[in-house]
Amino acid sequence: MTPPPITDEQLKRYYDVALKLVMKCGHLMREGFNKTESNFEVKSAFYDLVTVYDKQIEDILIKGFQDEFPESKVIGEEESAANKRMSELTDDPTWIIDPIDGTTNFINKIPHCCISVGLAVKKELVVGIVYNPILNEMFSAWKGHGAYLNGERIHVSKVTSINNAVVALEVSLIHAARVRDKNVKRLAKLASNATGTRGIGCAALTLCYVACGRFQTFHVEDLQPWDIAGGAVILTEAGGVIKHTKGGIFDIMKPDLICACTEELLKDVQQLIEEADQITEYEFK
């Protein structure tokens, strides 16, 4: 059965509950960050790490959402790992959860890590919460009502050219052999044309940094829905644009993306990526 259309009042309730639950988990994340020793496990590869705090935070969030909204479903990073499969995204209200995005940063006491939650209704992202309790930064948005940092409205910058942009890339993806060549070529091409290049090791926060004007564009592929969902809502509500790398409609379940503060800049980035993908040797101009 197709769920009824969501009302603005219902959407606001989803947002308020999500904000409260994510804030509640902040102290747990701070506790883990401030510990002198980190307790972590390796999941699928040496660079894919999980801590006891990832699991505890996700458990709190899932229980809280299902208690408040029994009709909703969940796609969570640790839940998917435990089940060895990702749940399908349906038309039902679905919470997409990353309990700690930037786990490697978290373990190494690098303060670019966060709790990220997105809500999709009828497969459309409508609520985003990204909270970095280490730096006390709460990014939030709900469809049609703008994006906020600690309660203050935020907007993307107005840069239209790559030559005036700080480009964000997830450079740590170069450690994965199957995508190394692609990422090295794209990194070199974009970095050689931009004002600056940054990689902070946390996709959710990077999207939020574009949303508030710290970065102007971000390109990433080969991540998972929970890495992107919360930040994508915040970015678009701040006035940014997000598309599939090849230019099509962005799909949260296959989140290969370019996002930017303006359409003009996004086209610049897309063009450079196309050029990089044609390079057969590491010679860049």
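User: Before we start, how are helices and strands defined here?

Analyst: Helices (H or I, at least four residues) and strands (E, at least two) are DSSP runs, and they are numbered from the N terminus. Please keep in mind that this is a predicted model, where local features need pLDDT of at least 70, side-chain atom pairs count only at pLDDT 80 or more, and totals for chains, interfaces and linings use all residues. Residues are numbered from 1 along each chain as its sequence is written, and side-chain values use heavy atoms, with hydrogens and water left out. With those run lengths in hand, the chain holds eight helices and 14 strands.

User: Why is the chain called as compact as a globular protein of its length?

Analyst: The test uses the radius of gyration, taken over C-alpha atoms, and the globule rule, which is 2.2 Å times the number of residues to the power 0.38. For 285 residues the rule gives 19 Å, and the chain is as compact as a globular protein of that length because its own value is close to that, at 18 Å.

User: What share of the residues is buried?

Analyst: Buried means under 20% relative accessible area, exposed over 50%, and partly exposed in between (1.4 Å probe, protein chains only). Of the 285 residues in the chain, the buried share is 55%.

User: Which positions does UniProt give for "binding site", and what is the largest C-alpha distance there?

Analyst: The unreviewed UniProt entry places this feature at E77, D98, I100, D101 and D227. They are spread over 151 residues of sequence, yet they cluster in space, with a largest C-alpha distance of 9.6 Å. A friendly caution: UniProt positions are given in the numbering used here, feature names are shortened, and annotations may be inferred rather than shown by experiment.

User: Is E77 buried or exposed?

Analyst: E77 lies in helix α3, which covers residues 77–83. Its relative accessibility is 12%, so E77 counts as buried.

User: Where is D227, and which residues is it in contact with?

Analyst: D227 sits in helix α7 (residues 225–237), and at 10% relative accessibility it counts as buried. Contact means heavy atoms within 4.5 Å. Leaving aside neighbours within four places in sequence, the partners of D227 are D98, D101, A203 and A204.

User: How many Å apart in space are Q270 and G230?

Analyst: Q270 belongs to helix α8 (residues 263–277), and with 15% relative accessibility Q270 counts as buried. Q270 and G230 are 40 residues apart in sequence, and C-alpha to C-alpha their distance in space is 23 Å.
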